[in-house]
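Dear colleague,

Please find below the structure that I am handing over to you. My notes on it follow directly after.

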Amino acid sequence: MAYSKDKPYNDLPLLPPDNSVFERVSIYKKLAQARAALAELKGRLPIIPNPYMLINTLVLQEAKDSSEIENIFTTADELYRAFTSNRKNIDPATKEVISYRDALWEAFKKQKELSSWNLEWIVEIFRTVTERDESLRSMQLYIGNTYNTVYTPPEPGDILTEKIDNWLDFEDTLDKIDPLLKMALLHYQFEAIHPFSDGNGRTGRILNVIYLTSQSLLELPVLYISKHILEYKTEYYRLLTEVTETGEWEGWILFMLEAVYQTSIFTLGKVNAIYDLFNRITNIVKEQAEEIYSREFIEIIFSEPYSKVKMLVDNKIASRNTASKYLNRLSDLGILEPIQVGNENLFLNKDLYEILAQS
Ligand SMILES: Nc1ncnc2c1ncn2[C@@H]1O[C@H](COP(=O)(O)OP(=O)(O)OP(=O)(O)O)[C@@H](O)[C@H]1O
Ligand SMILES: [Mg+2]
C-alpha cells in the first residue's frame, strides 16, 4: 500500500535500513569531523575539577532549550532561581524543565546498570519527562494541527510493539555501524514510531545523548544536541519527513552529524570558559581571602549558578553562621551577588551565570 501521511504508517521499515547510504563519501567526511570534535570534548572534560558541577549546569541549559521546542518560554534566570529555591509554587513551564533534567539524570544513572536497553527503562524516562503514569500509547496519534496531518505513526498494539522491539534489538546488536550513525538511525526511528502519547521528542533527545555515553563516546551527558535541533527545527522536521516519504537517509544523517559536531564545539567552549573562571576565582580567593579558601568551597559555588547557606552547611564546608560570612565575603570581593528570592537569600555567581546563559 502506498504511503499516506493520513494513515498509520504500519509499513515503517524495521532497522537497519537496507541501503548503502553509509558508504557515501559525504557521510564519511562529516562523520570524521563529528567524531574528532566529540573526542576532543571527551578528552577535555576531566580537566574540570568536579565534573558533576558541569553536568548540573549544562544539563540546565539542555533542559531549557529542549522545552523551548514546545514553545515554552522560560528564561534562564527564572530557571536557575527555581532550581535553587523552593520547588513549591513553581510555574508549569519551569516544572517541565525540571522534569526534563531529572529524567536525563535518572536515565544516565540507570543506564550504567543495564545490561541492555529495555522498554521499562524507556517508559520510566517518558514518565519522568511527562509526569504521566502511562506506558506505550494505546491510541492512534496524528502529528500536525487540526487542519493538516503531517504524519501518522504506526497503530498501537502488536504493530507498535513489533517496531519498538526491533528498535531495542537494533540498539543492542553489535554491528559495524558507527555509533554516531546508529544514533541518527535510532533517533529517526524513535520519532517515527512515536511510542508515547506525548514527550516523544524530549524522550528521544534524552536517548540521543545517553546513547553516546553508553557507547563511551562521552563520560557524561553534556552534549547540547537539542540546541542544534532547536535552532534548525524546520530543517529537522523536513528531514525527518524526507526519510519517511522518500527513504532517503543522507540529509537526515548529515543533519544529526552536524548537530553533534556543532554542539561538541559549543560545549567545549563552555568547558574551557568554566575551567578558566574556576581558576581565576580560585586565585582571587587564595590571594584576597585565604582564610575562607578551600577547593570544596569553590566547587560549591560552581555547582549551581546560585549558592545558598544551606549548600555550604549540607556539604560540611561551614556551620550556618560561618557559611553566611563566607558567602558575604565573596560578595564583598565582587564574585557573588546577593539576591533575595521570596524569603531566600541566594548568591549569584555572576560570571558563571554569564557563561551558562550565553548561547
Ligand atoms: N513528520 C514527523 N515524523 C516523525 N516524527 C515527527 C514528525 N514531526 C515531528 N516529529 C517528532 O515528534 C516530536 C514531538 O512529539 P511529542 O509532542 O510527543 O514530543 P514532546 O517532547 O512533547 O515535544 P517536543 O519535541 O516539541 O519537545 C518532535 O520533536 C519530532 O521529533
Ligand atoms: Mg508534546
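A residue is called buried if 20 or more other C-beta atoms lie within 10 Å of its own, exposed if 12 or fewer do, and partly exposed in between, with the C-beta atoms placed from the backbone. S216 counts as exposed because 9 C-beta neighbours lie inside 10 Å. The model is a predicted one, in which local features need pLDDT of at least 70 and side-chain atom pairs count only at pLDDT 80 or more, while totals for chains, interfaces and linings use all residues. Residues are numbered from 1 along each chain as its sequence is written, and chains are lettered from A and ligands numbered from 1 in the order in which they are written.

Overall composition

Of its 359 residues, 38% count as buried. Among the contacts in the protein with a separation of 6 or more, 69% come from residues 24 or more positions apart; two residues are in contact if their C-beta atoms, placed from the backbone, lie within 7 Å.

Helix packing

Two packed helices are described by the angle between their axes and the distance between the axes. The axes are lines fitted to C-alpha atoms, for helices over the stretch in contact, and the angles run from 0 to 180 degrees between N-to-C directions.

Helix α6 (residues 158–172) packs on helix α7 (residues 179–193) at an angle of about 165 degrees, with the axes 10 Å apart. The two are therefore roughly antiparallel, where angles under 35 degrees count as roughly parallel, over 145 as roughly antiparallel, 65 to 115 as roughly perpendicular and the rest as oblique. The crossing of α6 and α7 is left-handed, a term used if the near helix is turned anticlockwise from the far one by less than a right angle, and right-handed if clockwise. On the α6 side the contact is made by L160, K163, I164, W167 and E171, and on the α7 side by L186, Q189, F190 and I193. These residues divide into 6 nonpolar, 1 polar and 2 charged. Here Ala, Val, Leu, Ile, Met, Phe, Trp, Tyr, Cys and Pro count as nonpolar, Asp, Glu, Lys and Arg as charged, and the others, Gly among them, as polar.

Helix α7 also packs on α8: their axes come within 10 Å and cross at roughly 160 degrees, so α7 and α8 are roughly antiparallel to each other. This crossing is right-handed. M183, L186, H187, F190 and E191 of α7 meet N200, G204, L207, N208, Y211 and L212 of α8. By class, the contact of α7 with α8 has 6 nonpolar, 4 polar and 1 charged residues.

A further pair is formed by α11 (residues 250–288) and α15 (residues 350–357), which pack at about 175 degrees with their axes 10 Å apart. That angle makes α11 roughly antiparallel to α15. K270, A273, I274 and L277 of α11 make the contact with D351, L352 and I355 of α15, a set of 5 nonpolar, no polar and 2 charged residues.

Ligand 1

Ligand 1 is surrounded by 18 residues, of which Y151, E191, N200, G201 and R202 are the closest; a residue is near a molecule if its C-beta atom, placed from the backbone, lies within 6 Å of it. At least two residues of this shell come from each of β2 (149–151), α7, α8 (200–214) and α10 (233–246). The shell comprises 7 nonpolar, 7 polar and 4 charged residues.

Individual residues

The peptide bond between L15 and P16 is cis, with omega about 0 degrees, and P16 lies in the segment before α1 (25–44).

Two residues other than glycine have a positive phi. H194, in the loop between α7 and α8, has a phi of about 50 degrees and is buried, with 22 C-beta neighbours inside 10 Å. S216, in the loop between α8 and α9 (225–231), has a phi near 60 degrees.

I292 lies in the loop between α11 and α12 (295–301) and is partly exposed, with 18 other C-beta atoms within 10 Å. Leaving aside residues up to four places away in sequence, I292 touches V285, F297, Y326 and R329. The C-alpha atoms of I292 and L327 are 9.6 Å apart, although the two residues are 35 apart along the chain.

With kind regards

How values were computed: Helix = DSSP H or I, 4+ residues; strand = E, 2+ residues; numbered from the N terminus.
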